Amino acid sequence: MESSVRKIVVLGGGITGLSAAYYAKKKFEEERIPVEITILEKSDRLGGKIRTLHRDGFTIEKGPDSFLARKLPIIDLTRELGLEDELVATNPNAKTNYILRKGMLHPMPLGLVLGIPTAVTPFMKTRLISPAGKLRAALDFVLPRRKDEGDESLGGFIERRLGKEVLDNITEPLLAGIYAGDTQQLSMYATFPQFKQLEKKHRSLILGMLAGKKNPPQTSELPDIAKRSMFLTYKGGLVTLVDRLTDRLHPVRIFTGHGVMQLKREDRQYRLTLDNGTDIHADGLIMAIPAFEAAKLLMESPVMYGLGRIQYVSVANIALAYKKEHIRYPLNGSGFVVPRKEGRMITACTWSSSKWLHAAPPGAVLLRTYVGRSGAQEWVGLTDEELIDGVREDLRLTMGISGEPLFSEITRCHRSMPQYPVGHPDQLKKWRTYLAENKPGLILCGAGYGGVGIPDCVDQGKKAAEQMLGYLLK
């Protein structure tokens, strides 16, 4: 057995699956264990949600546009791939973000950390919150901590600590935007568990945030560029990461355009039957696919039924390119978010050419608008023309933009944003315990389970590779 070739199949060629394959290849090579790795991707391309379009001098991200700079998994991978010199920071002159309220764009008050106010004077001056709402938020300083340490909704936690007005007008559009979700349904432990830890340690959420600002985490392991910017990307767009990972995967076998129709465990191996009738055998299987796709292959046990009940929200982004002289609104920031109660089609707008200086050629402007969130899926039935018309009307009402764009690019992301319900972490433990006992060597990872950001997905892929190494060395 020591000299035999281990066979690993990775289902899914998104960033989690690519990371898992990369680290599995690396770790097995370091241990000098012969391994054959196969990636099976149902679509016709690798990268999952990451897609970069280069058009007429514009760099347009059709999926995520950046990653959190201070998360080490993506920084470590960037270094390993030799991409550190390709990193690009946000424009230092475009730090202001805005929130739409009653049809007007208001700057977010200075001192916001994850939508939580930590500076008194800017918060007291903001027009986003009424005087009564500010007084309610101040109760956070005296309210007792919650004794029940069980999971609760993210929205319920914020409302309990800071009040409904802060939740609706500031925190919800910022935090829910990450998941395109409803904060009253999202699990706090699965999205922002640090909030609960702050309450437990400091009682007050605001005081806990202030303590974190006074004692920031050590950044010695970060490159200088990551210390100066909250978000980073690459000079050629995020597809740079996908392309470099793909290059480094040789001789990993990669099959696109093939889905798995059936999965069976036979004689300590897995047999995967593809949609073309081909069978592939694996000693270990890493499933880096959406939960609803994994559920189709794992539904023989009632324990796994909940896997298929994780809701995924559909979203779209519409990029619009303009000549600079056609935009009169001062693009003195990185964009704005739209609270749910404003009743607009768009949920946010990134002023891409202000946020990223490489996003547009000289004399041009690139805007990227977002549509769709939990409870607002009507847009799915609209034609491209109706979608563009609705977005442009929102931009006219918000920013006074009425001119024709040079071009537009629509990206529809069907069932792309997983919604972690309250109790998700406990449920995930049950699924993984069941798999370890009944389907050893089958590992779940990806955005549907432990974080939707690129660094989170990279980290999950790396941990899956480490777990696979440990399993196949038994």
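Reader: Why is Arg146 called partly exposed?

Author: Its relative accessible area is 27%, and partly exposed lies between buried (under 20%) and exposed (over 50%), using a 1.4 Å probe on protein chains only. So Arg146 falls in the middle class. Keep in mind that this is a predicted model, where local features need pLDDT of at least 70, side-chain atom pairs count only at pLDDT 80 or more, and totals for chains, interfaces and linings use all residues. Residues are numbered from 1 along each chain as its sequence is written, and side-chain values use heavy atoms, without hydrogens and water.

Reader: What makes Asp148 and Arg146 a salt bridge?

Author: The N to O distance is 3.6 Å. The rule wants a side-chain nitrogen of Lys or Arg within 4 Å of a carboxyl oxygen of Asp or Glu, so the pair passes.

Reader: And how do you know that Glu199 and Arg161 pair up?

Author: Here N and O are 3.1 Å apart, so that's a salt bridge too.

Reader: Why is Glu199 called buried?

Author: Glu199 has a relative accessible area of 1%, and Arg161 also has 1%. Both are under the 20% limit, so both count as buried.

Reader: What makes Arg396 and Glu393 a salt bridge?

Author: Their closest N and O atoms sit 2.7 Å apart, so this one passes as well. Arg396 is partly exposed at 38%, and Glu393 is partly exposed at 34%.

Reader: How many salt bridges does the rule give?

Author: The count comes to 29.
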